[in-house]
Amino acid sequence: MNGGEGDVKEAQLEWKYAQVWGERVFGEEVTDADIISAIEFDKGGHHLATGDRGGRVILFKRLNIKENGGSRRDAERTDYSKGSHSEFLYKAEFQSHQQEFDYLKSLEIEEKINKIRWCQPANGALFLLSTNDKTVKLWKVHEKKVKQISEMNPDPYKSSENGSFSPSNVSSGHLSNGGSSDTSFFLSNSESSFPPGGMASLRLPAEHNNERSLMATSRRVYSYAHDYRINSISDNSDGATFISADDLRIHLWNLEINNQCFNIIDLKPTNMEDLTEVITSAEFHPTHCNQLAYSTSKGSIRLVDLRQSALCDNHFKLFEELEAPGSRSYFSELIASISDIKFGKDGRYLLSRDYMTLKLWDINMDSGPVSTFKVHEYLRPELSDLYENDCIFDKFDCCLSGDGQRVATGSYSNLFRVFGTVEGSTEATTVEASKNPMRRQVQMPSRPSRSQGSGISRVVRRGCESPGLDANGNPYDFMTRLLHLAWHPSENSIVCAVGNSMYVYYA
């Protein structure tokens, strides 16, 4: 990405802590179900969704000045002032997926949320897709009026000399019009009685709607289509279709039809011994509804066009970086595997993350990446140990800023790194996800995946020792890894997940 000299001078940003959700105190144990496994902003940045290993989706809503009662001038000043940031408030949560068991394959399907994607809103309601290893679900999120019962008497708590009348004395039931039998049914408590001379007024209960609550309703369930673990879902810009990708196949769905899908990419060979690569991530182009990109374990990215053929066996662009002569090693293929890809907002640039680096690609230039950012170069001497403890198979997310001038990804020791993409920029900032960066980090729980049989990629996690120093000269810890993060679509704000904690930073 090109930029002027002035852009380069302004490239360096100072990241500041904004807020945290679910932060742990030292020594506090975290249940495995509470660990965050997915983060996603909606297209406008007004809502944020997170998914966890317990199958829950938690929704947050942006709090702006208007909601706080501020003036329009204050809102405009906040939106355009430098260094301002959004605050997100908890809105609702719902159980998206449950643990299941496939009796035909004798396979346990865990409830962990692998990916979340927001769809186009409609009629004042929000829509989002969530998936675990096998099933994709479409959820409708909307505000619903909460019905309440108004008080039945002007002053129900007022006491009289001979008795009292309060809601605690009233039993539930239907109140009909008049009659001594109805009155005795209404006041079934023998201690309750009317004041002498009766009550001045007695009115029937009535409903009134004063509050609104955010509700989530399951609209569609897309299941029984994948033989392997789903690693990606992506909604299309046409607002009508989406894709789901597992290790070997990519399916195209219509949002309104959940009983059939179209297999558009199939890498499964006739003989599984001939398998050389698997699909690791897939995403639709943000503006061209006929184009999508998918990455593989061999470090390549293919751009395909749905208009060319029903089965997209042939790509029209291939992005891969050839290894330098003599640089190939036993671990070359493992560290070349791409864990995540993201399109820029305008769709011209494509960001990919492998174990060691971030790479920025121009889709008009397939000769090589326009920029390469070294994230884990200091770990290269430790690849043998990383392979032994399976940390080399960790899958880190990546993200781009809304203006495309910066990219970010996670690392070990609860760190995330931000790089400038403007030509000539030397920005490379490392930030620890913590309210107090100097405090000692709590080690994360680890466990083996319960769905190894459903996928081809190796995903086992075991305890890791922490030899050596990181890029800042501090001891790094493989047990505390920052895998998931997202960049606000219109602000310099990053949300990242560490265990069950979600941190928000702004610049």
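These legends describe close-up views of a predicted model.

Local features are taken at a pLDDT of at least 70, and side-chain atom pairs count only at pLDDT 80 or more, while totals for chains, interfaces and linings use all residues of this predicted model. Residues are numbered from 1 along each chain as its sequence is written, and side-chain values use heavy atoms, with hydrogens and water left out.

**Figure 1. Overview of the protein chain.** The chain has 5 helices and 30 strands. Both are DSSP runs numbered from the N terminus (helices H or I, at least four residues; strands E, at least two). Of the 507 residues, 48% are buried. Buried stands for under 20% relative accessible area, exposed for over 50%, and partly exposed for values in between (1.4 Å probe, protein chains only). Among contacts between residues at least 6 apart in sequence, 59% join residues at least 24 apart. A contact means heavy atoms within 4.5 Å.

**Figure 2. Confidence along the chain.** The average pLDDT is 80, and 73% of the residues score at least 70. Over residues 65-82 the pLDDT is below 50, and this stretch has 10 contacts in the model beyond near neighbours in sequence. Residues 438-467 also stay under 50. For residues 438-467 the model has 93 contacts beyond four places in sequence. pLDDT is the predictor's confidence in each residue, from 0 to 100. Where pLDDT is low, the predicted coordinates should not be read in detail.

Figure 3. β2 pairs with strand β3 (residues 47-52) in the antiparallel sense, over 5 bridges. Two strands pair if DSSP finds at least two bridges between them. Phe 41 has Leu 48 of β3 as its bridge partner. The hairpin has 5 residues between the strands. In this hairpin, Gly 45 takes a positive phi near 80°.

**Figure 4. Salt bridge of Arg 307 and Asp 305.** The two side chains meet at 3.1 Å, N to O. Arg 307 is exposed, at 64% relative accessible area. Asp 305 is buried, at 8%. The structure holds 21 salt bridges. In each, a side-chain nitrogen of Lys or Arg lies within 4 Å of a carboxyl oxygen of Asp or Glu.

**Figure 5. Salt bridge of Arg 348 and Asp 362.** The closest N and O atoms are 3.0 Å apart. Arg 348 sits in the loop between β20 (338-343) and β21 (349-354), and Asp 362 in strand β22 (residues 357-362), so the pair ties together parts 14 residues apart in sequence. Arg 348 is partly exposed, with 40% relative accessibility. Asp 362 is buried, with a relative accessible area of 7%.

Figure 6. The side chains of Arg 406 and Glu 427 meet at 3.2 Å, N to O. Arg 406 lies in strand β25 (residues 406-410) and Glu 427 in the loop between β26 (415-420) and β27 (428-432), so the pair ties together parts 21 residues apart in sequence. Both residues are buried. Salt bridges that share partners also join Lys 105, Asp 227, Arg 249 and Asp 266 into one network.

**Figure 7. Surroundings of Ala 336.** Ala 336 belongs to helix α4 (residues 332-336). Ala 336 is partly exposed, with a relative accessible area of 25%. Leaving out residues up to four places away in sequence, Ala 336 touches Ser 297, Lys 298, Gly 299 and Asp 354. Its C-alpha atom is 6.8 Å from that of Tyr 355, 19 residues apart along the chain.

**Figure 8. Aromatic rings.** Rings of Phe, Tyr and Trp (its six-membered ring) pair if their centres lie within 6.5 Å; planes under 30 degrees apart count as stacked, over 60 as edge-to-face and the rest as tilted. By this rule there are 21 aromatic pairs. The rings of Tyr 222 and Phe 242 have centres 5.0 Å apart and planes at 70°, so the pair is edge-to-face. Tyr 222 lies in strand β11 (residues 207-222) and Phe 242 in strand β13 (residues 241-245), 20 residues apart. Both Tyr 222 and Phe 242 are buried. Ring pairs also link Tyr 17, Phe 416, Tyr 503 and Tyr 505 into a cluster.
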